[in-house]
Amino acid sequence: MPGGRLTQQDRERIAAGLAAGLSYAEIARRLDRPTSTITREIGRNGGPTGYRPQQAHQATAQRARRGTPAPPRAAGSPGGTMEEELIEVAVRTGLPRMTARVHLDLLLSEDGRRTAAELTQRLKISPATVSVAVNFLVEQGYIRRERDPQRRRDIYVVEDDAWYTSIMTSRRHTLETVRATMAAAETFGLDSPVGRRLAKAGAFLERISLDMMDSADRWRSLLT
């Protein structure tokens with residue numbers, strides 16, 4: 001049932017989709033599920049090359065009976081290797097390593113939600129480190145912060161369209177840089193070498209940013 005827990009049949013269909021080379025988004029559409037659900041399901045159960053539907057179903061049932069989250073994977077296991085590779089990719093794009101670990105743990109959580117205490121316990125890092133990481137992720141649009149008024153704690157949430165939000169946030173920041181660059185170009189004079197150089201850079205960044213925002217709007221439906 002859409003929105004409920006994955007069934008054994010759902011997991012068989014996920015495995016069939018992976019074997020057929022389908023994207024996570026396409027598998028999600030065929031199961032009428034959010035892409036984030038499929039991403040987390042595959043990520044925490046061996047990755048795209050190690051996913052086994054029967055084992056995944058049994059592991060999920062065991063976790064539900066225990067009422068505990070999935071334990072961190074040991075280095076060298078299929079899932080662990082996948083997580084390490086994803087973190088390395090994120091680091092190469094400029095994300096701080098610890099921030100990348102926090103982001104990935106949220107992405108691979110069952111419901112895309114963690115408290116700061118849960119992140120601290122799972123990743124074995126200090127509350128201060130978690131605070132720095134989540135503040136950065138919130139600022140960049142990767143996650144959002146919810147307040148639990150009953151327990152007086154924050155809950156950090158990654159949603160299906162988090163990538164869209166992140167791209168739009170990043171491009172808006174770039175457009176702020178464009179405005180400052182164009183203002184500097186005019187200050188130096190558009191007929192001066194420095195002014196021309198800054199104006200060209202500003203025009204390039206503006207065009208690229210607007211194109212990316214248009215593209216993100218056009219393909220946003222893939223995330224829902």
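Predicted model: local features only at pLDDT ≥ 70, side-chain atom pairs only at ≥ 80, totals over all residues.
Residues are numbered from 1 along each chain as its sequence is written, and side-chain values use heavy atoms, with hydrogens and water left out.

Me: What makes the contact of arginine 122 with aspartate 105 a salt bridge?
Reply: A salt bridge requires a side-chain nitrogen of Lys or Arg within 4 Å of a carboxyl oxygen of Asp or Glu. Here the N to O distance is 3.0 Å, so the pair qualifies. Arginine 122 belongs to helix α8 (residues 116-123) and aspartate 105 to helix α7 (residues 97-107), 17 residues apart; helices are DSSP runs of H or I with at least four residues, strands are runs of E with at least two, and both are numbered from the N terminus.

Me: Why is arginine 122 called buried?
Reply: Buried means under 20% relative accessible area, exposed over 50%, and partly exposed in between (1.4 Å probe, protein chains only). Arginine 122 has 15%, and is therefore buried.

Me: Which parts of the chain does the salt bridge of arginine 220 and aspartate 161 tie together?
Reply: The two side chains meet at 2.8 Å, N to O. Arginine 220 lies in the segment after α11 (193-219) and aspartate 161 in the loop between β3 (153-157) and α10 (162-188), so the bridge ties together parts 59 residues apart in sequence. Arginine 220 is partly exposed at 33%, whereas aspartate 161 is buried at 18%.

Me: Why are α10 and α11 called roughly antiparallel?
Reply: Axes are lines fitted to C-alpha atoms, for helices over the stretch in contact, with angles from 0 to 180 degrees between N-to-C directions. Angles under 35 degrees count as roughly parallel, over 145 as roughly antiparallel, 65 to 115 as roughly perpendicular and the rest as oblique. The axes of α10 and α11 come within 8 Å and cross at roughly 160°, so α10 is roughly antiparallel to α11.
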